[in-house]
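Colleague: Please take a close look at one single part of this model. Walk me through its surroundings step by step.

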Amino acid sequence: MTELDLTFIRSQFPAFSEPSLEGFAHFENAGGSYACGQVVERLHRYYSETKVQPYYGFEPSCQAGEQMDQARTRMAAWLNVAPDEVHFGPSTSQNTYVIAQALRQYLKPGDEIIVTNQDHEANIGVWRRLQADGIVIREWQVNPANAELNVADLDSLLNERTRVVAFTHCSNIVGSMHPVREWIDKIHAAGAIAIVDGVSYAGHGLPDVAALGADIYLLSLYKVYGPHLGVMAMRQELNGQLPNQGHFFNADHKTDRFTPAGPDHAQIAAVNGVIDYFESVYAHHFAHQTDGAALAPAQKARAVALLFQQAERANMIPLLDFLAQRPLVRVIGKATAENRAPTLAFTVKNRLPGDIAAQLAAQKIGVGNGNCYAWRLLQALDIPPQQGVVRLSFVHYTGNDELTRLIEALDKIL
């Protein structure tokens with residue numbers, strides 16, 4: 001199998017040559033990754049050359065609109081959906097909020113929505129608020145012994161009144177990559193809509209949304225080396241069923257119906273930079289093996305995702321092994337790297353997560369701490385959400401030397 005060329009990868013990120021970041025190790029990628037150089041360049045180009053209202057007849061405006069349209073088309077191809085199934089919003093939290101307002105009008109009192117207590121609050125709270133309109137909320141609860149979701153529990157919740165099931169592709173605390181297609185097949189067999197939060201998954205490789213079968217799939221580009229945008233892929237049939245949430249005169253415009261707060265035009269144009277980066281990664285690692293020009297973007301996406309995850313799991317193994325050897329450490333989720341994202345959350349007996357994070361920060365190692373918007377999950381695991389966990393999260397551009405440095409620092413602290 002082709003191995004990741006880390007030198008090439010890191011050369012694509014300005015952060016690794018930025019003097020102010022020299023000596024800093026970034027282990028809070030689940031909260032936001034570094035932006036690749038292609039995105040920075042695209043933003044600079046837009047603000048320098050085309051920072052005008054797009055889609056008018058004069059040249060800079062035409063160019064601005066063309067860049068935005070190109071971004072939608074290219075992102076759609078890499079997600080394996082149609083261009084008019086891609087919606088850009090200010091954030092995933094905003095996108096879910098808008099869809100919740102559409103469901104408020106679409107669903108009837110007594111209809112049921114299943115939510116988990118493993119998700120980020122963005123994919124829990126908005127659906128729970130529909131209880132005020134008579135919608136019944138059923139909670140798919142994690143097993144408190146291992147923090148995992150059991151499909152048998154989903155089976156017991158699904159019934160003829162189920163209209164929506166919202167779950168995460170990958171928890172931002174537990175890290176397990178779920179068998180999404182298996183679960184969606186069950187959801188669809190029950191006649192329900194499947195809403196999948198892919199925010200904590202997509203930074204480890206863009207998914208094939210069509211293959212997963214999701215009715216709505218959500219991701220955040222600031223965790224995929226890009227600008228602060230939320231991407232929502234929505235199946236065309238569902239788009240036509242849900243009521244318009246945009247301006248009334250946009251009711252027939254598929255990509256405007258669920259983005260009433262239009263995001264920054266420059267950031268949409270900069271989405272091209274994300275795809276430029278993935279294209280360059282594919283070309284550097286695989287172009288010699290196949291005719292890249294003839295390969296569908298979704299096929300390239302699968303190859304790049306496998307490349308990323310192979311490198312991440314190799315780095316994850318020594319960190320998991322180190323934490324497993326510490327008797328006072330409680331790691332949330334699997335102790336193995338299989339089907340797991342490199343997002344490792346843990347607690348230490350009689351130690352505050354914030355104190356551990358501060359000690360690492362003093363050594364120029366950035367990690368997360370707190371509840372990470374997974375308040376309900378921590379409550380289910382009997383972890384005080386106000387204190388939360390220590391969260392170590394990395395991606396494919398993280399080097400083995402950085403992992404070694406992190407482990408050595410933790411060894412002294414713990």
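Modeller: Buried means under 20% relative accessible area, exposed over 50%, and partly exposed in between (1.4 Å probe, protein chains only). The model is predicted, so local features need pLDDT of at least 70, side-chain atom pairs pLDDT 80 or more, while totals for chains, interfaces and linings use all residues. Numbering starts from 1 along each chain as its sequence is written, and side-chain values use heavy atoms, without hydrogens or water.

β8 covers residues 230–234. Which way do its residues point? G230, M232 and M234 point one way, and V231 and A233 point the other way. In a regular strand, side chains alternate between the two faces of the sheet. Both groups in β8 are buried. In numbers, 5 of the 5 residues of β8 are buried, so the strand is largely enclosed by the rest of the structure.

Now the partners. Strands pair if DSSP finds at least two bridges between them. β2 pairs with β8 in the antiparallel sense, over 4 bridges. Here F88 stands opposite V231 of β8. β7 also runs antiparallel to β8, and 5 bridges join them. There L218 stands opposite M232 of β8.

Step back to the whole sheet. It is open, has 7 strands and mixed pairing, and its order is β2-β8-β7-β6-β5-β3-β4. β2 (86–89) and β4 (136–140) are at the edges with a single partner strand each, so one side of each has no neighbour in the sheet.

Follow the order past β7. Strand β6 (residues 193–197) and strand β7 (residues 216–220) run parallel, joined by 3 bridges. V196 stands opposite Y217 of β7. Helix α3 (residues 59–79) packs on this sheet and touches β2, β7 and β8. Touching is contact, with heavy atoms within 4.5 Å.

A nonpolar core is a set of buried Ala, Val, Leu, Ile, Met, Phe, Trp, Tyr and Cys residues joined through side-chain atoms within 4.5 Å. The largest such core has 84 residues. M75, F167, Y217, V224, Y225, Y277 and F278 touch the most other members. Helix α11 (residues 265–286) gives the largest share, 12 residues. Look at V224 in particular. Leaving out residues up to four places away in sequence, V224 touches S33, A202, G203, L206, L219, V274 and F278. Apart from this core lies another, of 26 residues, including F322, V329, A337 and A357.

Notes:
Helix = DSSP H or I, 4+ residues; strand = E, 2+ residues; numbered from the N terminus. Axes fitted to C-alpha atoms, helices over the stretch in contact; angles between N-to-C directions.
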